[in-house]
Amino acid sequence: MNDLKRYIERFGILGLLRFAFYPLTHLLANPIILTISLLKSLSQFSIHGIKRFQHFNLTPALVSYFYSIRAWNLKKYGRRGKTDYLGLGEYYLARCFNYSKFSLYTYWKAGAFTVFIGMLLYACAFLFVSQKDLHFYLCLYLGITSSLFFANLFRSQNYNVIGWIFFPIVLIGLMEDLPFLVAFSLLLASYGSFTVVVFGILFSGIWGLIQVDWLMMFAGLPALLKLLTHFHPFLKIDKKLGLEILNKVLKAIGANEKAKYHRKKTKALNLFKLYFIVLDILFIASYAFIVNDFPYLYTVYFGIYLINSLKFRIADDQSLHMLRLTVALITVIYAQNYYLLISLWLVISPLPLMIGYYQMRVLDLLPISQPLNLRVMESRFEQFFEEVEKGSKVLMACEDPDSKYENVFQGFRHLIELPIYVAMLKGIRLFPDWWAVFELNYEGATEIWGTQSMEVERNMKEWNCRYVISYDWDKKEIDPLLNDSNFEKIAELDWSEFDSLFKDYPKLKKKDLKWYLLKKLN
């Protein structure tokens, strides 16, 4: 009820009434918005090249530096090496077993272009369907013009897109009883995404059980063997340490309840999750009623969605959206029933608000999009760290998150990755990062939080930091460290400098936010 009241206050009654007609406005407007966005993107790539653009949307553009940090370290030290630029130092890069280097490096060097080409190839993959009639082309048209396709292309997809290119072919192989096509597609997907292969093995295994087909049941074996090579560096590590690493991964996704930090909001049922659950149930019921059969593949997806949303997080939202889009399309394509096109459109074209477009001033229209360049922010942070000596460690002073993942880094989660990346390229360690949080994700862990002078000095001494970043936010009182004679301010950054980039992203908290870089004098 609180969510509904907030949306009424924001959009008005008339704005909410458009909700009833959004499937129709989607159907008419999405193709136009998609075409304009594609042309604008092609123009930017042709004029400025493919390396300048992180993404098409500010949130994933900022988060992309999270992956750039991993890619840089893997490139420099290898999966068998260690790095002092992650976690608590001497971080074993064997922990990066869930990344495929090819897709990670490609996304690092050409983020927006990688997603752009990947999503177009993903759409082309449906052409592997053997029977192409009017029904098929209508399904494909609806898929390409859907809000889920648009959102994955222009907002939420990342390096995993290279793996998703092959997932439609995997499902086509299942439906057309081609186990070797399934096996080969999953093997190719393993060079793009760990997540996609896990999903593919799960689908092929369950489908093989349903059809009592041993070849299909084990079609994922080649891809699985390839992924197992990602774990080879663990053989070089002490067995106890290896088990500790895997345990921390389980804590990070919420599968270990003994973790210090918990995803309380992630596991809670809210309006957004309920919206998709209702859409999925309606789709399954419509299919069962119209076709007089059960949509087994889509039911497998629905089970994955419920586990991921309500129990423990095994994949990001964008991966579940891609899974929903792909499975729904394949399900309806092979049902060969025109009446299902309505149900298909509803389930693959949710409201923009429900798939992350919080900045929209209307509920039912997607924004025209184009590639985004954050070089101006990178340059500003290069200046910010100019007086920090190479090899130094900088503490980011943040309030205690009170054991909630959502409160880690004071809610500035999207803002910290870029400065960490820029500092790393300058030979400076900005601490803590998310990997440090994961390493200290147990009860009784050494403290890394605190903003008061005594807390900051304790943490600086504990973690051997010579500098600290402190902040004022939302017109709060002047930061106490600025008046502490033990600290000297050497740089300042006002986030309002980037207002032009952030104006359409109210969820990214930076209002009245200032960062101060301080050096401890004694």
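**Legends to close-up views of a predicted model**

**View 1. Contact of helix H6 with helix H18.** In this predicted model, His135, Phe136, Cys139 and Gly143 of H6 are in contact with Leu325, Leu329, Val332 and Ile333 of H18. By class, the residues of this contact are 6 nonpolar, 2 polar and no charged. H6 spans residues 134-144 and H18 spans residues 317-335; their axes lie 10 Å apart at an angle of about 165°. The two helices are therefore roughly antiparallel, since an angle over 145 degrees is counted that way. The crossing of H6 with H18 is right-handed.

**View 2. Contact of helix H10 with helix H13.** The helices shown are H10 (residues 179-189) and H13 (residues 221-228), whose axes come within 7 Å and cross at roughly 20°. H10 and H13 are therefore roughly parallel to each other, because the angle falls in the class under 35 degrees. H10 passes H13 in a right-handed crossing. On the H10 side the contact is made by Ala183, Leu186 and Leu187, and on the H13 side by Pro222, Ala223 and Lys226. These residues divide into 5 nonpolar, no polar and 1 charged.

**View 3. The ring pair Tyr67 and Tyr107.** The model has 44 aromatic pairs, and the pair of Tyr67 with Tyr107 is edge-to-face, because its ring planes stand at 70°, with the centres 6.1 Å apart. Planes over 60 degrees apart define that class. Tyr67 belongs to helix H3 (residues 58-77) and Tyr107 to helix H4 (residues 101-109), so that the pair links distant parts of the chain, 40 residues apart. Tyr67 and Tyr107 are both buried.

View 4. Ala151 is a residue of H7 and is buried, with a relative accessible area of 4%. Apart from neighbours within four places in sequence, the residues in contact with Ala151 are Ser156, Ile355 and Tyr357. The C-alpha atoms of Ala151 and His321 are 9.0 Å apart, although 170 residues separate the two in sequence. In the chain as a whole, 78% of the contacts between residues at least 6 apart in sequence join residues at least 24 apart.

View 5. Glu386 lies in the loop between helix H20 (375-384) and strand E3 (393-396). Its relative accessible area is 62%, and Glu386 is therefore exposed. Of the 522 residues of the chain, 57% count as buried.

View 6. Most residues other than glycine have a negative phi, and most peptide bonds are trans. The peptide bond from Phe431 to Pro432 is cis, with omega near 0°. Pro432 is in the loop between strand E4 (429-431) and helix H22 (434-439). Glu90 has a positive phi, near 45°. Its place is the loop between strand E1 (82-83) and strand E2 (91-92), and with 53% relative accessibility Glu90 counts as exposed. Gln336 also has a positive phi, near 55°. Gln336 sits in the loop between H18 and helix H19 (340-348) and is partly exposed, with a relative accessible area of 37%. The chain has 24 helices and 7 strands.

Technical notes
Residues are numbered from 1 along each chain as its sequence is written. This is a predicted model: local features need pLDDT of at least 70, side-chain atom pairs count only at pLDDT 80 or more; totals for chains, interfaces and linings use all residues. Side-chain values use heavy atoms; hydrogens and water are left out. Axes are lines fitted to C-alpha atoms, for helices over the stretch in contact, and angles run from 0 to 180 degrees between N-to-C directions. Helices (H or I, at least four residues) and strands (E, at least two) are DSSP runs, numbered from the N terminus. Angles under 35 degrees count as roughly parallel, over 145 as roughly antiparallel, 65 to 115 as roughly perpendicular and the rest as oblique. A crossing is left-handed if the near helix is turned anticlockwise from the far one by less than a right angle, and right-handed if clockwise. Contact means heavy atoms within 4.5 Å. Ala, Val, Leu, Ile, Met, Phe, Trp, Tyr, Cys and Pro count as nonpolar, Asp, Glu, Lys and Arg as charged, and the others, Gly among them, as polar. Rings of Phe, Tyr and Trp (its six-membered ring) pair if their centres lie within 6.5 Å; planes under 30 degrees apart count as stacked, over 60 as edge-to-face and the rest as tilted. Buried means under 20% relative accessible area, exposed over 50%, partly exposed in between (1.4 Å probe, protein chains only).
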